Amino acid sequence: MLQSVCWPSRVLFAAGLLGLSMAVGACSKSADPSPTAPSTPSNIAGNWSGSASDSSGTGTMTWAVSQSAGSFSGSLTMVDAATQVSGAGTLSGSVSGTTVTFTITVPAGGFGGTFGTCSATVTGTATASATSISGSYTGSNSCSGAISSGQLNLNKQ
């Protein structure tokens with residue numbers, strides 16, 4: 001008879017211990033992960049050249065880049081493969097780890113030939129290594145409209 005009376009209290013006691021151990025276990029785990037150090041930006045300073053293609057055609061592109069920590073700026077030239085029209089402008093952006101975020105601007109007067117009054121701006125992201133920058137971009141041209149499906153592949157010179 002004593003066992004039957006004690007059984008419910010032993011079960012309640014054991015359930016209470018189980019609940020307490022689960023609560024203590026849950027409190028001992030940190031909900032916040034350890035902070036991670038910011039990644040060092042890749043060094044993209046220097047001269048780069050390679051191919052570029054987008055909805056307006058294919059061609060070559062060259063970047064001359066100066067970098068200070070995670071920010072960069074520079075100049076670029078490009079040549080359209082079909083028309084041989086060249087363009088010159090500026091580029092700027094940021095680097096975080098191997099991720100490059102960039103803006104390219106070719107002002108009015110930056111394109112040759114009959115496109116001299118046109119201007120263009122594109123923005124994009126790329127991945128950088130010690131020897132290459134590859135990425136995508138979109139933007140607009142004041143004469144031809146939207147620039148889409150942009151891809152660039154540049155190699156360190």
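Which residue in β4 does G74 stand opposite? The residue opposite G74 is L91 in β4.

The model is predicted: local features need pLDDT of at least 70, side-chain atom pairs count only at pLDDT 80 or more, and totals for chains, interfaces and linings use all residues. Residues are numbered from 1 along each chain as its sequence is written, and side-chain values use heavy atoms, with hydrogens and water left out.

**View 1. Eight strands form a closed barrel.** The 8 strands close in the order β1-β2-β3-β4-β5-β6-β7-β8, with antiparallel pairing. On average, neighbouring strands of this sheet are turned by 25 degrees against each other, direction ignored. Axes are lines fitted to C-alpha atoms, for helices over the stretch in contact, and angles run from 0 to 180 degrees between N-to-C directions. Strands (E, at least two residues) and helices (H or I, at least four) are DSSP runs numbered from the N terminus; two strands pair if DSSP finds at least two bridges between them.

**View 2. Strand β4 pairs with β3 and with β5.** Strand β3 (residues 71–80) is joined to β4 by 9 bridges, and the two run antiparallel. Strand β4 (residues 86–96) is also antiparallel to β5, with 7 bridges between them. T90 has T105 in β5 as its bridge partner. The β4 and β5 hairpin has 2 residues between its strands, and G97 in the turn has a positive phi of about 65 degrees.

**View 3. Side chains alternate along β5.** In a regular strand, side chains alternate between the two faces of the sheet. In β5 (residues 99–106), V100, F102, I104 and V106 point to one face and are buried (under 20% relative accessible area; exposed is over 50% and partly exposed in between, with a 1.4 Å probe and protein chains only).

**View 4. Strand β6 lies between β5 and β7 in the barrel order.** β5 and β6 (residues 120–128) are antiparallel over 8 bridges. Bridge partners include I104 with V122 and V106 with A120. The covered face of β6 holds A120, V122, G124, A126 and A128, while T121, T123, T125 and T127 are on the uncovered one. β6 and β7 pair in the antiparallel sense over 9 bridges, with A128 opposite I133 in β7. These two strands form a hairpin with 3 residues between them.

View 5. C118 lies in the loop between β5 and β6 and C143 in the loop between β7 and β8 (145–156), so the pair ties together parts 25 residues apart in sequence. The torsion about the S-S bond is about -105 degrees, so the disulfide is left-handed. C118 counts as buried at 2% relative accessibility, whereas C143 is partly exposed at 45% relative accessible area.

**View 6. The largest pocket has a volume of about 560 Å³.** Of its 30 lining residues, S56, M78, D80, F111 and N141 are the closest to its centre. A pocket is an open set of points on a 1 Å grid over the protein atoms alone, where a 1.4 Å probe fits, with protein on both sides within 12 Å along at least five of seven lines; lining residues have an atom within 4 Å of a point. The volume is the space filled by probe spheres set on the points. The largest share of the lining, 5 residues, comes from β2.

Technical notes:
Disulfide = S-S within 2.5 Å.
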